[in-house]
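Please look through the structure below before reading on. The paragraphs that follow lead from one local contact to wider parts of the chain and then to the chain as a whole.

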Amino acid sequence: METADNGGFDWTTLETNYAYHEAYARWIVRLLAGKSNVRGLNLKNEPDGFGAWADPDVAGRILTWMSRLKQAIKAEAPRLGVYVNSAAFDNTFKRFEGAPVGHQSIYDVSDALFFNSYLWADNGFWPYAVPATIYRYISDHNIARKPMVLSELGWPSYNDDSGMIVPGMQWDLPLGLRPTTPSTPEMQKRAVEESVYWAEKYGFSGLIAWAAYDHLPGAYRNPFGLIDGYGQASAAASVFAQAFTKQYSRLGEAPVSLVDGQVTGGKINGLDGTTLCRLA
């Protein structure tokens with residue numbers, strides 16, 4: 001918001017207004033530090049968004065800014081975790097030499113591996129970028145074995161065309177290459193189910209749904225809520241509530257695949273189109 005107020009992605013405020021940013025962060029942290037039910041805080045949501053990670057200079061400056069803020073936060077409250085979640089899963093690990101040593105990637109800065117992932121190509125436009133392949137990529141690159149948290153997941157239960165971020169495109173991108181997946185309560189349930197299943201398979205420590213409640217009709221976002229405007233829990237909510245329980249076996253194969261919109265007998269469209277869900 002600050003960069004937008006400054007003329008639209010003018011990143012100079014990272015340096016020129018840093019003192020205010022740090023003072024604000026320290027104030028927030030002092031409020032949280034003594035609360036036993038607060039384990040950590042999100043330093044920055046999707047720093048790689050809006051094309052920032054396509055510009056090495058900008059990425060290095062943002063990482064430097066986050067590094068400085070993290071040090072200030074730890075000085076106030078050493079016990080609090082400091083987390084940064086990526087917008088595109090593969091951006092988590094991209095390194096930039098312009099940042100301080102030890103904080104040259106989102107992965108470096110964050111105390112746990114937080115990332116957002118829905119069921120389109122996650123802005124990286126990978127072919128067949130579905131949970132089975134995305135979460136495997138995350139797990140394989142987690143060389144420091146940090147706790148892994150899927151910090152945003154979900155699917156809209158219906159289309160609200162007036163509220164699309166990218167009208168006619170963002171939530172309607174196809175899974176893999178095609179077809180376009182509809183926004184319905186059933187597909188929302190299956191999207192959450194597949195995310196939960198694979199997060200468990202790869203030993204994630206947590207899941208955060210986007211979002212708890214539907215936005216009002218005509219609002220900025222499509223209705224991703226697990227609870228609708230009438231206060232009723234969706235079918236996806238029951239799936240989410242069963243995450244990390246015995247409901248989802250850690251053996252066997254995924255019950256559904258969203259790639260073709262049909263139950264597929266336990267196969268999911270992976271990088272080669274036929275990757276089995278069973279893990280070694």
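Asp57 forms a salt bridge with Arg61, and the closest N and O atoms of the pair are 3.6 Å apart. The two residues are separated by about one helical turn, because Asp57 and Arg61 are 4 residues apart in helix 4. The model in which this contact is found is a predicted one. Arg61 also forms a salt bridge with Glu15, where the closest N and O atoms are 2.8 Å apart. Since Glu15 lies in helix 2 (residues 13-16) and Arg61 in helix 4, this pair ties together parts that are 46 residues apart in sequence. As for accessibility, Asp57 counts as partly exposed at 48%, Glu15 counts as partly exposed at 40%, and Arg61 is partly exposed with a relative accessible area of 23%.

The structure holds 9 salt bridges, and another of them joins Lys189 to Glu193, with the closest N and O atoms 3.9 Å apart. Both of these residues lie in helix 7, 4 residues apart, which is about one turn of the helix. Lys189 counts as partly exposed at 23% relative accessibility, whereas Glu193 counts as buried at 13%. Elsewhere, salt bridges that share partners join Glu22, Arg26, Arg30 and Glu76 into one network.

Ser157 lies in the loop between strand 4 and helix 7, and with a relative accessible area of 11% Ser157 is buried. What is Ser157 in contact with, leaving aside its neighbours within four places in sequence? The partners are Ser183, Thr184, Pro185, Gln188, Asp214 and Pro223.

Strand 2 (residues 81-86) is mostly covered, with 6 of its 6 residues buried. Gly81, Tyr83 and Asn85 point one way from the strand, Val82, Val84 and Ser86 point the other way, and all are buried.

Helix 6 is likewise a covered element: 8 of its 11 residues are buried, so it is largely enclosed by the rest of the structure. These buried residues are Pro131, Ala132, Thr133, Ile134, Tyr135, Tyr137, Ile138 and Ser139, and they pack against strand 3, strand 4 and helix 7.

For the surface, one may turn to helix 3 (residues 18-33), where Tyr24 has its place. Tyr24 is partly exposed, with a relative accessible area of 44%, and together with Tyr20, Trp27 and Leu31 it makes a nonpolar surface patch of about 470 Å².

Some points of the backbone also deserve a careful look. Most residues other than glycine have a negative phi, and most peptide bonds are trans. Glu46, in the loop between strand 1 and helix 4, has a positive phi of about 50° although it is not a glycine. Arg145, in the loop between helix 6 and strand 4, has a positive phi of about 55° and is not a glycine either. Glu46 counts as partly exposed at 25% relative accessibility, while Arg145 is exposed with a relative accessible area of 53%. A cis peptide bond, with an omega of about 10°, joins Trp210 and Ala211, and Ala211 has its place in the loop between strand 5 and helix 8.

The chain as a whole can now be described. Its secondary structure comes to 8 helices and 5 strands, which from the N terminus on run α-α-α-β-α-β-α-β-α-β-α-β-α. Of its 280 residues, 50% count as buried, and the chain exposes about 13,600 Å², of which carbon and sulfur atoms supply 57%. Among contacts between residues at least 6 apart in sequence, 73% join residues at least 24 apart.

How values were computed. Residues are numbered from 1 along each chain as its sequence is written. This is a predicted model: local features need pLDDT of at least 70, side-chain atom pairs count only at pLDDT 80 or more; totals for chains, interfaces and linings use all residues. Side-chain values use heavy atoms; hydrogens and water are left out. Patches are made of residues with over 30% relative accessible area and no salt bridge: like charges are joined within 9 Å, nonpolar side chains (Val, Leu, Ile, Met, Phe, Trp, Tyr) within 5 Å. Accessible areas come from the Shrake-Rupley method with a 1.4 Å probe; for residues, only the protein chains shown count as cover. A salt bridge is a side-chain nitrogen of Lys or Arg within 4 Å of a carboxyl oxygen of Asp or Glu. Buried means under 20% relative accessible area, exposed over 50%, partly exposed in between (1.4 Å probe, protein chains only). Contact means heavy atoms within 4.5 Å.
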